[in-house]
There are 2 protein chains.
Amino acid sequence: MRYSKLFGKTIHNDPKDVKLVSHKLLLRGGFISESVAGRYYFLPLGWLVHDKIKRIIKEEMDRSGAQEMLAPTLHPLELWQETNRTNTAGFELLKVKDRRGAEFALGGTAEEMFVDVVRKMTVSYKDLPFTVYQFSNKFRDEMRARGGLLRVREFVMKDAYSFHTDDMDFKKEYEKMGETYRTIFKRLGLETDKVAADGGYIGGEYCHEFVVPHAEGEDKYFASEDGKYIIHEDIATFTLEEMNLEEELKNYEEVEAVRGNTMEDGVKVHNLPLWQQLKDVVYADEKGDLILAILRGDLEVNEVKLKNVTGAIDLRAATEEEIRAIGSEPGFISPVGLKGKVKIVADKSLRTVVNMYGGANKKNLDALNMNIDRDFQPDLEGDIAMVQDGYLAPDGKSKLVEKRGIEVGHVFQLGYHYSKKMKGAEFADKDGSLKPYYMGCYGIGLGRTMATIVEKYNDDKGIIWPESVAPFKHHLIVLGNDEAIRSTADQLYNSLLAKRVEVLYDDREGPTAGEKFADADLIGIPNRLVISKKTVAEESLEYKKRSEEGAKLIKISEFLSTLDKV
Amino acid sequence: MRYSKLFGKTIHNDPKDVKLVSHKLLLRGGFISESVAGRYYFLPLGWLVHDKIKRIIKEEMDRSGAQEMLAPTLHPLELWQETNRTNTAGFELLKVKDRRGAEFALGGTAEEMFVDVVRKMTVSYKDLPFTVYQFSNKFRDEMRARGGLLRVREFVMKDAYSFHTDDMDFKKEYEKMGETYRTIFKRLGLETDKVAADGGYIGGEYCHEFVVPHAEGEDKYFASEDGKYIIHEDIATFTLEEMNLEEELKNYEEVEAVRGNTMEDGVKVHNLPLWQQLKDVVYADEKGDLILAILRGDLEVNEVKLKNVTGAIDLRAATEEEIRAIGSEPGFISPVGLKGKVKIVADKSLRTVVNMYGGANKKNLDALNMNIDRDFQPDLEGDIAMVQDGYLAPDGKSKLVEKRGIEVGHVFQLGYHYSKKMKGAEFADKDGSLKPYYMGCYGIGLGRTMATIVEKYNDDKGIIWPESVAPFKHHLIVLGNDEAIRSTADQLYNSLLAKRVEVLYDDREGPTAGEKFADADLIGIPNRLVISKKTVAEESLEYKKRSEEGAKLIKISEFLSTLDKV
C-alpha cells in the first residue's frame, strides 16, 4: 500500500479531551475516526489490525471445534420478553419498531437468538455438544462512552454459545474455551488473568473475565499473595477481623452531637474508632423503592454486591428529600426505628463489632451503643462491602492485593438459565425424554482488545504493534526525490509485493525525513526500511525495528533473500 | 468437517409457503434458518458460502485499488437530515433513539456517513481520487419480505464510495468498477447484464444495475435486438407511433354512456380503438395531494416514471371518495374541467392521437373528441408510460425485448448530490480554492447474490454449487459401519485434511446409502467421494461430480496424488 494513496493519514496535534493513550494514538495514527461519542469508524489502517485480530480469534475458535455462523442483528423483542431480559438489561438495550409495528432489540448479546435457532431444530443427545459463534455488531446504550475503543456504544464482538446434555459435559468446554482464550490473547501479545466475576444481566451461576493487568483499567480485582484466589471486586469476599466482640453490650442512648455530616465528624465528636461507627447509605432501586445499606464505618458499599443481595436491577443514591421522607436526616441516619419504613440491608461486618455509634435520625442527635438484633433488625444480611488492598483472603491466610486491568474476554456458565425459560429449548435424551440444554457463552470484544494492545505496546513516539496484529510487517520510507533513489525504492516496493510481503510504502514527496520518521513511529509498524541517497550508494537499505533503538545498513539483495528463508 | 458434528442438518420435507427454488433449497440444505420474516440466520454451511462470496468480492475490490474500512451501523439522524433523506428514504428507514435522546438511522446505505468521515479530514486534490468500501449489515423496513434471501429486511452489503476532483476522473472509476463487478460476478458463476436504471432515493443522475437474467426475477428490463440499448423498465423510453394525427379536430361533445368502469367497456360502447381512448389514473402522493395521470388507452402508467416526473416520493391509488371529492366519478374520469382541482400529468403519448374519447366526470356520461391543449391543459407533461415487449427502441429501428432478472449489484453516479448538501464536504484544489467532491457509490448484496447462484445452479435434487463458492470442495461419504470401511474413510478424511482440502465427511452411522446420497445432492458440494465395501475391496473410492451423471472408481492413492498436482 502506498501511503500517499492510503485513506486516513496521521494527525499531528493531540486531539482534545482525549486522556487514554490508546485513544490518542489510534486517532493520531489514522486508525480510527469518531462519528459521535462512542461510535467509531475503523479507517483502512485500523481495519487491517481489526481483521488480524479477527483472524487469530477465528483460527483458535475453529481449532477448538466451534463453528462460525451469523444471527440477525435485530432480535425479536418477544424473545427477550420470554427470558425477562427486557427488564434486567432494559437500561442498556436499544429498541426499534418497524412500520408494521414489530419490535426488535438491537443485540447487545445474543443468548435468546441462539437458543431460538436451536429450538427450531430437532436436536437429540447425539447432536450435542456443539459450540457456535459469530462476529457481529453489538450495541450498548451506555450513558458515558469515553476512552476511545475501550468503552463504546457499538462494537464487533465474537460471541459463542455452547449446548450440552449436562453440567459435566459443559465443564469440559468451559475449560477448553478458557484455554482457547488464553491462546488467543497470547497470540495477540496479551497476558491475561482469569478472574472470577459477576455475570450481570447475562445470568448463570458463575463466570470468568479475562483481564489484561493495566494501571488505568476500569476493572478492579484482587489476587491473594499465594495465587490461590483471583477475583473481581464485585464478588470478592474477605476475612473480617473480629473487633470488640469481647466487650459487654452497653445501654443504647442518644446524645446531642453538633457536628458535620461526614464519618470523620462522628469520629472527632465521640473520639471513638471509625470501625465502631455505623455507616448508613440510602439507595433507591429502579422502582424507586428505598434501601438502607448499613456496615462498619471503615468499609464501603459495593453496589454490585448490594444489587445481588437485594435483587435490585439499578441503584442510585437517594435524595435528601427521600431520606427525610422515611423519617431520617442526611448525615444522621440510623437503622434504629426505621424498620418497615425502608428495606434495611446489613453487611456481615456488623457481626464483628458491638456498641456502635452513629446518627439517630435527627439533626445533631447521635446514638451510642447500637447493637444489631437488639436495637435494629435488618431485613437482609449479606456481604455488601468493598474489598480493599491488604485485606485477608477468605481462607484468612494470604493477603489480597488489589489489581487493575482491562477486561478483554468473558466466559459464562449459563446452565439452564435460558433453556428453562424458553419453551421447547430441549433435546431428546437417550431414553426419549425431553430435557433442557445446559449452556455456556463466551465473548471477546475486538475493538477493546485492539485498544488494549495499544495500551500495552507504545512509547512516547507512538504505537509498537506486535507482529501478529501489525497492519503491515514493513514500513518502507523513501527519502529524497532524486530519480535513482525513487526508482530503487519503487523497485524494492515491487519486490516486496511480489513476495506477498505486507508493506506500507511512504512514497510522499512533500514531507521531510523527520516527518516521515515521526509518522512511522506513530503508526508503529514493526520493521522500518529506509531508502535514501546514502543507502542507494551502497545498494543497501537502512533497517530498524520499531521496538529497538539502533538502525543498520543491509544490502537490499541480502534483505530480500532473508525474506525468502522465512 | 464431520457432518455428524455440523450444526444445521438437511430438512427432508419442503417448508411451507416457500415458492422460490433458492429459498427452499437453502432452507432444506441447512444453509439458513428463518428468525422472523425477512431475517435469517446463516448456519455454518451457509456462512461458509457467504464467506467465499465475500472473499471474492474483497479480492477484486482490493485489486481495483479500493480500501476496506468500517463505518458505524447507527448513523446520526442529523446527517440524513442534512441531505433531506429522512423524507425521501423515510419509508424504509428504521430509526432508534438512545436513552440520552440522540436519534439514529439504522443504515440502509451509507453515503452521508462516508461523506462525514471524509469532510472531517483535510483533503487536498493530491489525496483524490480514492475509493473506500465496507462489508456491513444493512437494514430495510420492507413491507413485504418473501423469497428467502432475495428480498430481506437485514443483509450484509458491500458498499463502496468513491471521491473525485471532477466528473472526468469519476468516469474512469465508474468504468473500472463496472469491470470489477463483471469480474466478481463471473467468478461467482453469474453472467450479468449491465442495465441503465433508476437511482431511487440514492440520488445522482445515472446508475446501472448488474442483473442476472432469470425468468422469476423481480427486475423487468428491456434490451434492443441490436444490443445497443439495455435499460430498466422504470427509465426505458420507446418510440411512439403517431396514430391519427392526420384527422381533423372534431367538436368536443358529451354523450350518455351506460357502461361498466373498464377500458374495455368504453371500447365496446363507442366502437373505437383502445388507443384512442383517454386513460385516467388518480394517485395520492405521500402528502395526500392527488395526481391525475393521463395517457393513451393502450398504455399503462409506470409509477416510478410518474414519481420522477412529479417529484412525488410515494404514490398510492386514490380512493373512490378522493376521486369524487375532486368532482369526478370512478370509471368516468376526465381531465376536462379538472384543471386546478388536481395535478394533471400527461404522458407524451397524448401527442400521437387526436379526438380521444373517455369519461366526462359523471356516472354514465362520456366525452368524445377530447384534444390536449384545446380541451384540457396538463400541469406537467412527460414520459410516464410502461414499455412493453416489442415496442421500438428510442432510435425507432430495433425492437425492444422484455427481459427479467435479479439485481445483484448497483453502481451509481452521485456527482455533487451529497457533497453540495453537506457543509464542508470539500477538497482544496491546486489553486487553493475549496470545491465539493464529485462522488460515486457501488453496492453488492451478498445474501441476494448467494440466492441468485442457487437460482441458477440447481436441479430437482438440490443445489449444484460452482467450485468458487461451494462450502466444501469434496463430500466424502462412508457407507457401512464395518471397521475396515470406517477406518479407510477416516484415513482418507485425515489425508484430505492434511492436504488442506476442504471436505465435508458424512460419517453418520444411522442413515442409509440412499439418504446420504440424497443429502449430498441437496447440499450440492461439487465432488462426491464414496467409501463402501465395494470400493475398499479395490483400495478405491467412487468419485462423482455433482454436475454430472456417471460415477467412477479411482484408486485412493491415485486420487490423492491428483490433488497434489493441482
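This passage describes a three-stranded sheet in chain B and the domain layout of chain A in a predicted model. Residues are numbered from 1 along each chain as its sequence is written, and chains are lettered from A and ligands numbered from 1 in the order in which they are written. As the model is predicted, local features need pLDDT of at least 70 and side-chain atom pairs count only at pLDDT 80 or more, while totals for chains, interfaces and linings use all residues.

Strands are DSSP runs (E, at least two residues) numbered from the N terminus, and two of them pair if DSSP finds at least two bridges between them. The edges are formed by β13 (253-256) and β18 (356-362) of chain B, each of which pairs on one side only. Neighbouring strands of the sheet are turned by 35° against each other on average, direction ignored, with axes taken as lines fitted to C-alpha atoms.

Strand β19 of chain B (residues 365-370) is joined to β13(B) by 4 bridges, and B:E254 has B:A367 as its bridge partner. A further set of 4 bridges links β18(B) to β19(B) in antiparallel fashion, where B:K362 stands opposite B:L365. The hairpin of these two strands has 2 residues between them, and B:N364 there adopts a positive phi near 60°. Because 6 of its 7 residues are buried, β18(B) is largely enclosed by the rest of the structure (buried: 20 or more other C-beta atoms within 10 Å of the residue's own, with C-beta atoms placed from the backbone).

For chain A, the domain assignment (automatic or from a database) gives domain 1 (21-236 + 402-454), domain 2 (253-382) and domain 3 (472-565). The C-alpha centres of domain 2 and domain 3 of chain A lie 67 Å apart.

Notes: Axes fitted to C-alpha atoms, helices over the stretch in contact; angles between N-to-C directions. Buried ≥ 20, exposed ≤ 12 C-beta atoms within 10 Å, placed from the backbone.
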